[in-house]
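Here is a short briefing to read alongside the model. Please have the sequence and the 3D view open as you go.

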Amino acid sequence: MVTGSSTHKCSQSEPMGDRPQTIGIEELMRDLAEPGRRPSQVCMLGGGAPARISEVEAVWRRRMREILDDADAFERVVACYEPPRGPAEFLDAVAASVRQCFGWPVQRDHVVVTNGSQSAWFLIVQLLRESCGAKRTLRILLPRVPEYIGYADLAGSPTPFVGALADPVPTGSRRFRHQLAWDRLRVIEAFDAIAVSSPGNPTGGLLEAEELSRLTQWAIERKVPLILDHAYGPPFPSIVFRSTPPVPWSPHTVLCLSLSKLGLPGLRTGIVVTTPERAERLARWNAVAALAPGGLGPAIVTPLLRSGELERLCHDVLRPWYRERRDRALAFLDEYLPADAEWYVHEPDGAFFLWLWFPTLTVSSYELYQRLKAKGVVIVSGHYFFYGRGSPRAARHRFIRLSYAQPDDVLRRGIQVLGHELQSLLRKAPRFRSKSPVADCTKSQTHRGR
Ligand SMILES: Cc1ncc(COP(=O)(O)O)c(C=O)c1O
């Protein structure tokens, strides 16, 4: 792999396993808030903000009117604390939705509501620390690195995360997929939980059925929680463009859901579905951290869940909307990125990101981010998604993440500027070299037990 001439702060001399000097999630959220002030000048292809879809927003507005028009509903939402695990009717509606979607035997007492899924993760880490006790250092296995930037700094330093690079495997012209590397995973000896997002953030890739069932089996054998992050997955918002594999239930399963990617990030509503015992402990931590979750998200969504309207909205509006946007983004890449250089896109199964791999990028991805930002285009540098002890350093500076939850003209302009910038930054090379770039990506990873 070409060594970059980067001068950025998160340089390749960064010690393995240390937290990045810049906190990725903070930089990302700052970038996300900034263009709101001058939207015409910035192409915001960074961040994880959901799209503004008028048909979806009309439903939220209608629900707000219904709440306001009710004799008491609005006052109940704003003037009362909810119970620490959230309002009972919402817990029932979520449990019913999960039963229907996955066939899991879950009821109200399996569910906890939090102030956003990010907060749920924070509480889950507290729970794991509690189980781990003072004698041992917590270790959370990320079996599919690159993984969501928002976990990286959840638990302070030293990081509890142990990252295993999922091999980038070419799947077709300009396409690849990060696949779980079982040989590498098998030798990781001790850990207290397994955590994975599916569809993945940043990759947009779904776990394959076989990967999911092996991870579940593994969690059962090791008696550790398997934390599945479905912020973009089923039962809602279900932004997935191929059939989703069955998700097996076990007493080790911890499913994290969110209302954010439906288009309600401002309401900060996250949901955890797990065993009643674990749910009870999470509710206790919820009370400690926040007293209670907010009630507006549950109030808006409960009747939509009960009537099936939410499912129809996801299936008939959200999913086709994002699928169309994804296809446009892929077409813009073909139009504007250098045809005579190597670049690959992760198979975009779901969520609303394209994860791009430039094996011959001659600067770091962070430098590319800075250059693009100076030209008014915001993306996310891929290095933030490679973290945790054991995560390989060689790979991390050759990837970027683009969000396609943007209007067409913004998407086109942003990708055009990216293509222009890459003309001088990608080595010209035959499409598929005899020596696979995959080897460069994986060679630095080693794992030792605890
Ligand atoms: C994979 C993943 N998990 C969790 C979250 C946090 O979502 P929330 O807005 O519910 O805190 C995000 C947000 O971008 C995400 O992408």
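Strands β7 (residues 193-197) and β8 (residues 226-229) run parallel and are joined by four bridges; strands here are DSSP runs (E, at least two residues), helices likewise (H or I, at least four), both numbered from the N terminus. This is a predicted model, in which local features need pLDDT of at least 70 and side-chain atom pairs count only at pLDDT 80 or more, while totals for chains, interfaces and linings use all residues. Residues are numbered from 1 along each chain as its sequence is written.

**The sheet**
- A195 has I227 in β8 as its bridge partner.
- Seven strands form an open sheet with mixed pairing, in the order β2-β10-β9-β8-β7-β3-β4; two strands pair if DSSP finds at least two bridges between them.
- β2 and β4 (161-165) are the edge strands, each pairing on one side only.
- From one strand to the next, the twist averages 20°.

**Around β2**
- β2 pairs with strand β10 (residues 270-273) in the antiparallel sense, over four bridges, and V112 has V272 as its bridge partner in β10.
- Both faces of β2 (residues 111-114) are covered, with V111 and V113 buried on one side and V112 and T114 buried on the other (buried: 20 or more other C-beta atoms within 10 Å of the residue's own, C-beta atoms being placed from the backbone).

**The ligand shell**
- Of the 14 residues around the ligand, G48, G116, S117, S258 and S260 come nearest (a residue is near if its C-beta atom, placed from the backbone, lies within 6 Å).

Conventions: Buried ≥ 20, exposed ≤ 12 C-beta atoms within 10 Å, placed from the backbone. Axes fitted to C-alpha atoms, helices over the stretch in contact; angles between N-to-C directions.
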